[in-house]
Amino acid sequence: MATYIVLLGPPGVGKGTQAEILAKQTGLIHVSTGDLFRENIKNQTELGVLAQSFMNKGELVPDDVTIAMVKDRISRPDCERGVILDGFPRTPIQADATKALLNEMGEDLAVVPYITAPNDVIIERLSGRWTCRAHGHIFHEKFNPPATQGVCDHDGSELYQRDDDKKETVKHRIQVYVEQTSPLIEYYRKAGLLVDIRGDQEIEKVTQDLLDAIEGK
Ligand code: ADP
Ligand code: ADP
């Protein structure tokens, strides 16, 4: 049996940061749909061109292409021991597809940590987020600064501010989250998979709570 974990929570709550740390500590593979889309945009693939038109507006990329992309990614050999899904599923259709996909493989979700923080906290986090050009490593100008300004600690590549982290787009993304993704809270609570995690704590403390949630399952 492999281990499949979904990190649920609003944009900016810390899913990517935590997934990166957890992947290192557990050996599971971090699968971020946002990173996969950004990789496709960088390479100007057909999928990237399509995704960009939605991402720039803070809208969700259509379910069918998103699901196909995840299916392809998690079927690869490196994911054999399991994955940490970050930013997926984001709609009830994606959640149903996740279940179907895993069941087809004879697998199931282990746990769905639901990370929360007040809106003003996530807005401040998004507006100060710096992302690494090469591999999507995540920093914050105030809360988690790189050793050298503008340079990724891990691979030396340039740090940039994502276009969709601009204030107007951020507000819209939070609204999209409330409308399209928040139904998954009840979906996974009913399935007995949800564990509430407070995201408005130090990064290390959130990691500890997540490890407890994962090991408790
Ligand atoms: P998400 O993947 O949920 O959108 P990120 O992991 O990208 O969130 O985090 C958003 C921003 O907040 C980043 O700049 C990150 O460095 C910062 N951040 C993440 N977790 C914390 C935390 N516990 N305390 C303070 N800042 C944080
Ligand atoms: P955040 O770190 O703020 O949560 P992501 O990097 O996860 O943002 O996602 C950035 C954008 O990529 C989203 O606003 C959306 O346009 C697109 N995206 C990412 N994941 C999905 C998904 N599961 N379904 C549809 N669109 C997605």
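Visitor: Where does Q44 lie?

Guide: Q44 belongs to a loop, and the elements on its two sides are helices. Given that helices (DSSP runs of H or I, at least four residues) and strands (runs of E, at least two) are numbered from the N terminus, the place of Q44 is the loop between helix 2 and helix 3 (46-55).

Visitor: What pLDDT do local features need in this predicted model?

Guide: Residues are numbered from 1 along each chain as its sequence is written, while chains are lettered from A and ligands numbered from 1 in the order in which they are written. Side-chain values use heavy atoms, leaving out hydrogens and water; in this predicted model, totals for chains, interfaces and linings use all residues, side-chain atom pairs count only at pLDDT 80 or more, and local features need pLDDT of at least 70.

Visitor: Near which value is phi of Q44?

Guide: Most residues other than glycine have a negative phi. Q44 is a residue other than glycine, yet its phi is positive. The value is near 50°.

Visitor: Which peptide bond is cis, with omega near -5°?

Guide: Most peptide bonds are trans. The cis bond involves P89, a residue in the loop between strand 3 and helix 5 (92-104). It is the bond from F88 to P89.

Visitor: How far apart are the end C-alpha atoms of helix 1 (residues 15-26)?

Guide: The expected span is 1.5 Å times one less than the number of residues. Helix 1 has 12 residues, so it should span 16 Å. The separation in the model agrees with this: 16 Å.

Visitor: Is I21 buried, partly exposed or exposed?

Guide: I21 is found in helix 1, where the buried residues include L22 and A23. The classes rest on relative accessible area (buried under 20%, exposed over 50%, partly exposed in between; 1.4 Å probe, protein chains only). With a relative accessible area of 24%, I21 is therefore partly exposed.

Visitor: With which residues is I21 in contact, leaving aside its neighbours within four places in sequence?

Guide: Contact means heavy atoms within 4.5 Å. Neighbours within four places aside, the contacts of I21 are I203 and T207.

Visitor: How much of ligand 2 does the protein bury?

Guide: Ligand 2 is surrounded by 19 residues, each with a heavy atom within 4 Å of it. Taken alone, ligand 2 exposes 560 Å² (Shrake-Rupley method, 1.4 Å probe), and the share buried by the protein is 96%.

Visitor: Which helix gives the largest share of the shell around ligand 2?

Guide: The shell divides into 6 nonpolar, 5 polar and 8 charged residues, where Asp, Glu, Lys and Arg count as charged, Ala, Val, Leu, Ile, Met, Phe, Trp, Tyr, Cys and Pro as nonpolar, and the others as polar. The largest share is 4 residues, from helix 2 (residues 33-42).

Visitor: Which elements give two or more residues to the shell around ligand 1?

Guide: A polar backbone atom of F139 is 2.7 Å from an oxygen atom of ligand 1, and a backbone N or O atom of Q201 lies 2.8 Å from a nitrogen atom. Taken alone, ligand 1 exposes 570 Å², of which the protein buries 94%. The elements are helix 1 and strand 6.

How values were computed. Polar contact = N/O pair within 3.5 Å; in protein donor to acceptor, adjacent residues only side chain to side chain.
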